[in-house]
Amino acid sequence: NNVATWEAFHQQLIDLYPHTYHPELTIRYKDDEGDLISMTCQHEWEAMLEATHDQSTVRLLLIEGPNQGKYFKDGPAVVTQSAYVQTNDSRTPVEQGNMRTLQVQLPRCLARFFPGGQILPTSVPSWLQGCIELKRVEAENPTL
């Protein structure tokens, strides 16, 4: 096993197949009962490794989701809607002058931490999950 984490596996797929793979595709494997099992997180990745540890080759299926052809990755850029500074139990909104800078710089900065540089609600790195919140303002526009 050369890929220790789910996030590393995702990144490896992006590196190997930059024009065909993106994190919104569903990844599945067939378990010992013949059922197709989806993997979406570290826990499910570890379950797959355990279930297939005695196999020399594991076949993974990449499947388009229910929105076939419509993905966040193809939508408009992410927009920062609000930001705050948190100290202990209080939140202070970022001043309007600083907010304009954040609206440009925050998506650029965060994109570096997402697989393939695309901020997608389906692939928030585990260590960022408590720091950012992605919301849909309109049906197709993810916002920060």
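**Reading the sheet and its surroundings**

Guide: The model contains an open sheet of 3 strands, in the order β2-β1-β3, with antiparallel pairing. Its edge strands are β2 and β3, each of which pairs on one side only. From one strand to the next the twist averages 35 degrees. This is a predicted model, in which local features need pLDDT of at least 70 and side-chain atom pairs count only at pLDDT 80 or more, while totals for chains, interfaces and linings use all residues. Residues are numbered from 1 along each chain as its sequence is written, and side-chain values use heavy atoms, with hydrogens and water left out.

Visitor: In what sense do strand β1 and strand β2 pair, and over how many bridges?

Guide: Strands of a sheet pair through backbone hydrogen bonds, either parallel or antiparallel. Here two strands count as paired if DSSP finds at least two bridges between them; strands (E, at least two residues) and helices (H or I, at least four) are DSSP runs, numbered from the N terminus. Strand β1 (residues 26-30) and strand β2 (residues 36-39) pair in the antiparallel sense over 4 bridges. Arginine 28 stands opposite serine 38 in β2, and tyrosine 29 stands opposite isoleucine 37 in β2.

Visitor: How many residues lie between β1 and β2 in the hairpin?

Guide: The hairpin of β1 and β2 has 5 residues between the strands, and glycine 34 in the turn has a positive phi of about 90 degrees. A positive phi also occurs at asparagine 88, a residue other than glycine, where the value is near 50 degrees. Asparagine 88 lies in the loop between β4 (84-87) and β5 (90-93).

Visitor: Is asparagine 88 buried or exposed?

Guide: Buried means under 20% relative accessible area, exposed over 50%, and partly exposed in between, with a 1.4 Å probe and protein chains only. Asparagine 88 has a relative accessible area of 74%, so it is exposed. Leucine 61, which lies in strand β3, has a value of 31% and is therefore partly exposed.

Visitor: Which residues does leucine 61 touch?

Guide: Contact means heavy atoms within 4.5 Å. Not counting residues up to four places away in sequence, leucine 61 touches Thr26, Ile27, Arg28 and Leu36. Leucine 61 and isoleucine 27 are 34 residues apart in sequence, yet 5.6 Å apart in space, C-alpha to C-alpha.

Visitor: Which residues of α1 are buried?

Guide: The buried residues of α1 are Trp6, Phe9, His10, Leu13 and Ile14. Seen down the axis of α1, these residues fall within an arc of 140 degrees, so they line one face of the helix; the arc is that of the directions from the helix axis to the C-beta atoms. On the other side of α1, Asp15 and Leu16 are exposed.

Visitor: Against which elements do the buried residues of α1 pack?

Guide: They pack against β1, β2, α2 and β3.

Visitor: Why does the pair of tryptophan 6 and tryptophan 45 tie together parts that are 39 residues apart in sequence?

Guide: Tryptophan 6 lies in helix α1 and tryptophan 45 in helix α2 (residues 42-51), so their pair ties those parts together. Ring pairs link Trp6, Phe9 and Trp45 into a cluster. Tryptophan 6 is buried, with a relative accessible area of 9%, and tryptophan 45 counts as buried at 3%.

Conventions
Rings of Phe, Tyr and Trp (its six-membered ring) pair if their centres lie within 6.5 Å; planes under 30 degrees apart count as stacked, over 60 as edge-to-face and the rest as tilted. Axes are lines fitted to C-alpha atoms, for helices over the stretch in contact, and angles run from 0 to 180 degrees between N-to-C directions.
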